[in-house]
Amino acid sequence: MKRLARMDGLRGVLAVYVMLGHALPFTCLPGWVTAPFHHGEATVDLFFALSGLVIANSLERFDWRFAPFMVARARRLLPVYCLVLATSVCLTALGDPLAALPWVGAEGRNIMAAALPEPLLPHLLAHLTLVHGLIPQSALPYAYVTLLGPAWSLSTEWQFYVLIGLAAPRRLGRFALALLALGAAYRALPLGSEFSRAFLPDAAPFFALGLASAVLLRGGGARSFWLCLIGACALALPGGVEKVFTPLAWGLVMLAQRQSWGAVLESRTVQYLGAVSYPLYLVNEPVQRAMALLLGPLAHGNAAWFTAVFLPLSIGLTLLCAAWMHHAMERPLMRQQNNRFSFGVIAVTGRE
């Protein structure tokens, strides 16, 4: 399956949406401005579907071998993640920025923790090994979001990589239906209160939908795609009608691949946002915390002043940090990985 430029653009749009959704709760903007950005979890579900779509290509590229596939994933994700995680821990250790922002409500407090968790070491080890989404709430409460909020989804992704890497499924449609069944079984069991939203079975229907989409785009038939789409809608329905909009939105994304109106996702700006989307997604929260720590005391309780300064500064600095990490860290590592893969192909085939 060839690279889908519009999916790259979608990744950028989703990352910007998450950035705005994290920033707006700290402002005093009216509800009609902030209301459209209250669907961050749905946005992450679309990220999961995107991963399901593209990861099959990555696994196939390594001839379905687990170790090379996981090493490539680690080289791609961990350098940026470790840098942002270390930054987030240091910033959280500086104190509670919301003490100087009395207008911030419960939504902001859910995003920005007051202090580092106690004891710190188990949380730190869980994040460094990316198992923080696997830990039951009774064992380590809220481990999935304590040190770097956005990284909960990275733990979910890592669980998916291990599962699909070990399974090495040659028939993606069947594996997608198995993931859908896993999601259905998880919802049928009383485990929702014990595990967080970062637990793979909770997101399994969206990874299934992405894998089934890969089958569809490869010309492998639409049966598994429609089964996964209908199944994901059915599993989302108990959470309310609005939850069904997320799998339906993915159906719209698939339609955009072949419609002229989807060309907006191929614009240079949106494509660049897609290129920097991974560091953009991770770094937005630490940048916002740094800005709140710096600007909060200067605002002297003036919410309008804080909003006017905080919003453009946090957005601009997040974009700058993401661009720097992409060019200084991601691109060199991706070039090295591509060169190693090319040399491996030459060594195996004996030709360039």
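Reader: Does Val241 count as buried or exposed, and at what relative accessibility?

Author: This is a predicted model, and every value below is computed from it. Exposed means over 50% relative accessible area. Val241 counts as exposed because its relative accessibility is 56%. Val241 is placed in helix H11, residues 241-256.

Reader: Which residues form a nonpolar patch on the surface with Val241?

Author: The general idea concerns helix geometry. An α-helix has 3.6 residues a turn, so residues three or four places apart point the same way. In this structure, the surface patch consists of Leu237, Val241, Phe245 and Leu248, and together these nonpolar residues have about 410 Å² of accessible area.

Reader: Where does Gln257 lie, and is Gln257 buried or exposed?

Author: The loop between H11 and helix H12 (268-275) holds Gln257. A residue is buried when its relative accessible area is under 20%. Gln257 therefore counts as buried, at 16% relative accessibility. Setting aside neighbours within four places in sequence, the contacts of Gln257 are Leu4, Arg6 and Met7.

Reader: What does the relative accessibility of Ala181 show?

Author: Values between the two cut-offs count as partly exposed. Ala181 belongs to that class because its relative accessibility is 45%. Ala181 is part of helix H8, residues 172-188. Its C-alpha atom is separated by 22 Å from that of Leu154, which is 27 residues away along the chain.

Reader: Where does H4 bend, and what follows the bend?

Author: Helix H4, residues 66-93, bends by about 40 degrees at Leu78, with the proline Pro79 following within four residues. From first to last C-alpha, the 28 residues of H4 reach 38 Å, close to the expected 40 Å.

Reader: What are the span and the kink of H13, and how many of its residues are buried?

Author: Helix H13 (residues 277-299) has 23 residues and reaches 31 Å, close to the 33 Å expected. A kink of about 40 degrees lies at Val283, shortly before the proline Pro286. Of the 23 residues of H13, 18 are buried, so this helix is largely enclosed by the rest of the structure.

Reader: Which residues that follow these helices have a positive phi?

Author: Most residues other than glycine have a negative phi, and most peptide bonds are trans. After H3 comes Asp63, with a positive phi near 55 degrees. H4 is followed by Gly95, whose phi is positive and near 125 degrees. Just after H13, His300 takes a positive phi of about 50 degrees.

Reader: What is the phi of Trp64, and what is the phi of Tyr142?

Author: Trp64 has a positive phi near 60 degrees. It is found in the loop between H3 and H4 and is buried, with a relative accessible area of 11%. Tyr142 has a positive phi near 55 degrees, and its place is the loop between H6 and helix H7 (152-167).

Reader: Is the peptide bond from Glu118 to Pro119 cis or trans?

Author: That bond is cis, with omega near -5 degrees. Pro119 lies in the loop between helix H5 (106-111) and helix H6 (120-128).

Technical notes: Residues are numbered from 1 along each chain as its sequence is written. This is a predicted model: local features need pLDDT of at least 70, side-chain atom pairs count only at pLDDT 80 or more; totals for chains, interfaces and linings use all residues. Side-chain values use heavy atoms; hydrogens and water are left out. Patches are made of residues with over 30% relative accessible area and no salt bridge: like charges are joined within 9 Å, nonpolar side chains (Val, Leu, Ile, Met, Phe, Trp, Tyr) within 5 Å. Accessible areas come from the Shrake-Rupley method with a 1.4 Å probe; for residues, only the protein chains shown count as cover. A salt bridge is a side-chain nitrogen of Lys or Arg within 4 Å of a carboxyl oxygen of Asp or Glu. Helices (H or I, at least four residues) and strands (E, at least two) are DSSP runs, numbered from the N terminus. Buried means under 20% relative accessible area, exposed over 50%, partly exposed in between (1.4 Å probe, protein chains only). Contact means heavy atoms within 4.5 Å. The expected span of a helix is 1.5 Å times one less than its number of residues. The bend at a residue is the angle between axes fitted to the seven residues ending there and the seven starting there.
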